[in-house]
Amino acid sequence: MSMDVFLAFSSEVTGFTEFDLLGTGQAPTYHSTVERVVGSQNLDDLLRTYQESVTELDDEQKRARQLGESVLDDPRLGVIARNIIKLWYSGTWFDLSPEWTAQFGVPGTEGTFTASGQAYAVGLLWFAVGSNPPGARAPGYGSWAQPPRIPHLPPSSIPSSLAR
Amino acid sequence: MTQHTLIKEDRLPGEIHRLSDLEAYLNAALRLEHATIPPYLTALYSLHPGSNSDAQHVIRVVAVEEMLHLTLVANVMNAIGLHVDLTADDFVPNYPAHLPSGEIDFLVDVQPFSQAAVTTFLNIERPAKAPTEESRLLPCPDASELGVGTVLAASPLDPSVRYYSIGEFYDEIERGLRYLDRTFREEGRELFVGNASWQITPEYFYSGGGEALAVVDLATALRALTVIAEQGEGMGGGIYDGEGELSHYYRFEQIQLARYYQKGDIPGRPSGPGLDVDFHAVYPVAINAELADYPPGSPVLEAAQRFNQTYADFLAYLTQAYNGAPSRLLDAVPWMFRLRDDINQLIRNPHPSVPGVNASPVFERIPIDRGARA
């Protein structure tokens, strides 16, 4: 499944724009990380389900409900979706539970790990709270005395590549 | 002191005969120092993180020292009581800008890190002394030959001529300072009448290479100009400056020759450890991007507009720091890191209308609303 759909899905579930996500420089890394761990079939199924059931809806409430029903509440896809959210926010892929693995296939990579050397520094959580990752991406001496710069929410939760 | 320096002290300025001439030259110097910063920053941030750390380090050090040079020019202006303004409509150049390299001009592009970018950087910093007094000032090239970008190191008094090199441009300022200081004294006046508390000193400007020195008289003004010249070109043809730092030209040459210089080396023959350069580990950012290049409504256009405005605000903020509020420079540091993050974000996004090219920050003039200022 294409990078475009992965980005649109990621935007929808993280609340950050596709521009913001591309701006981390980690989109290709995260895409290949997920594919490597859960296998391309599981990732394709997740993105296809999202594409078929959610992307066409133009009402934000309906989209959120549909996203819950067809993806997040699904025992197989929901776990992957939550892990993708956590991956974008923290740069870390969290180990899947043995139950999930036993039921849906052996992951390609086990364990909890950081997706790349840059992933931690560009985790969305730092942008979300208007802070900097401690020990990385230096913000300048004394900047901690200033109020956090919390970004504005995008005007719509609909990914801009899907907006009509 | 060399024979050469002694002779130079008696050389009269070609164009700087009055205070207003000197002001025009120092304003042009301020523009010249700033003009190198967008190309250096864009090339620096175009490097993939986690790769090319040698090249990253080299470019970063030079970019920070160009900021020091900007500050030193501001100090000279403030020492004379001249107004420093980074918000003037013509402060940010139009790229590609022109710079002289002896008889010929070359173009300075805002572009990704590449062999061509390194060649441009070498041209910017290349030491060049005019062979004769008459060749210090040469006619500006025909705009139709090189395009219509800003001509840097041109005479601010006569736009039809430009200096043989940046070195000669600064040499004219040095001559002008000596000349005016002398004539002022002869008339019982003082050239350096600025408020000393406006000087940017090391407690407000900290970085690795070179200090922000306070300018209070002719000697310190000449010292400030010497730091600018030596950090760029080296001292008297050597590869190191007066403080033992490798000069910019030879820093960049290390990238071109893929080897570090070490003490005792002669120009062109570095003998230190190898320097790894990967010209492929680079985001292919758009060259000399303008806001008009990005389609209306695209997130990249919005981000580029936001960056351009933030950069303009930053220049306005620096203007305050250089006009009696030096402590504001401390807050400028976090601001620069935010600009860095904004550039990084743009550069990682694809160009919305050019396949295979990434977006690039835009450094465009934004005329400020002067009516709003008291």
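In this predicted model, the secondary structure of chain B comprises 11 helices and 4 strands. The radius of gyration of chain B is 20 Å, close to the 21 Å that the globule rule gives for 374 residues, so chain B is as compact as a globular protein of that length. Along the principal axes, the C-alpha atoms of chain B fill a box of roughly 65 × 55 × 45 Å. Of the 374 residues in chain B, 56% are buried. Contacts in chain B also reach across the sequence. Among those between residues at least 6 apart, 69% join residues at least 24 apart.

B:Asp241 is located in the loop between helix H8 (218-233) and helix H9 (248-257) of chain B. The relative accessible area of B:Asp241 is 6%. This residue counts as buried because the value is under 20%. B:Asp241 and B:Phe363 are 122 residues apart along the chain, and their C-alpha atoms are separated by 31 Å.

Charged pairs were examined next. Side chains of opposite charge can pair when their charged atoms come close. Over all chains, the rule gives a count of 19 salt bridges. One of them joins A:Arg76 and A:Asp45, with an N to O distance of 2.9 Å. A:Arg76 lies in the loop between helix H5 (60-72) and helix H6 (77-90) of chain A, while A:Asp45 lies in helix H4 (residues 40-53) of chain A, so the pair ties together parts that are 31 residues apart in sequence. The two partners fall in separate accessibility classes. A:Arg76 is partly exposed, at a relative accessible area of 22%. A:Asp45, at 17% relative accessibility, counts as buried.

In chain B, a salt bridge links B:Arg175 and B:Asp171, whose closest N and O atoms are 2.9 Å apart. Both residues lie in helix H7 (residues 166-186) of chain B. They are 4 residues apart, about one turn of the helix. B:Arg175 is buried, with a relative accessible area of 2%. B:Asp171 is buried as well, at 5% relative accessibility. This pair belongs to a network of salt bridges. Also linked in the network are B:Arg11, B:Lys129, B:Glu133, B:Arg136, B:Glu168 and B:Glu172.

A further salt bridge of chain B connects B:Asp21 with B:Arg18. Here the closest N and O atoms are 3.8 Å apart. B:Asp21 is buried, at 7% relative accessibility. B:Arg18, in contrast, is exposed, with a relative accessible area of 55%.

The two chains also meet at an interface. There, 17 residues of chain A are in contact with 20 residues of chain B. Chain A and chain B bury about 1400 Å² between them, and 54% of this area is on carbon and sulfur atoms. On the chain A side, A:Phe19, A:Leu22 and A:Arg149 supply 38% of the area that chain A buries against chain B, more than any other three residues.

The rule finds 1 salt bridge across the interface of chain A and chain B. B:Asp341 and A:Arg137 form a salt bridge, with their closest N and O atoms 3.0 Å apart. Between chain A and chain B, 4 residue pairs are in polar contact. By class, the side of chain A that touches chain B has 5 nonpolar, 8 polar and 4 charged residues.

Definitions and conventions
Residues are numbered from 1 along each chain as its sequence is written. Chains are lettered from A and ligands numbered from 1 in the order in which they are written. This is a predicted model: local features need pLDDT of at least 70, side-chain atom pairs count only at pLDDT 80 or more; totals for chains, interfaces and linings use all residues. Side-chain values use heavy atoms; hydrogens and water are left out. Contact means heavy atoms within 4.5 Å. Buried area is the accessible area (1.4 Å probe) that two parts lose on being put together, summed over both. A salt bridge is a side-chain nitrogen of Lys or Arg within 4 Å of a carboxyl oxygen of Asp or Glu. A polar contact is a pair of N or O atoms within 3.5 Å; within protein, one must be able to donate a hydrogen and the other to accept it, and residues adjacent in sequence count only if both atoms are side-chain atoms. Ala, Val, Leu, Ile, Met, Phe, Trp, Tyr, Cys and Pro count as nonpolar, Asp, Glu, Lys and Arg as charged, and the others, Gly among them, as polar. Helices (H or I, at least four residues) and strands (E, at least two) are DSSP runs, numbered from the N terminus. Buried means under 20% relative accessible area, exposed over 50%, partly exposed in between (1.4 Å probe, protein chains only). The radius of gyration is taken over C-alpha atoms; the globule rule is 2.2 Å times the number of residues to the power 0.38.
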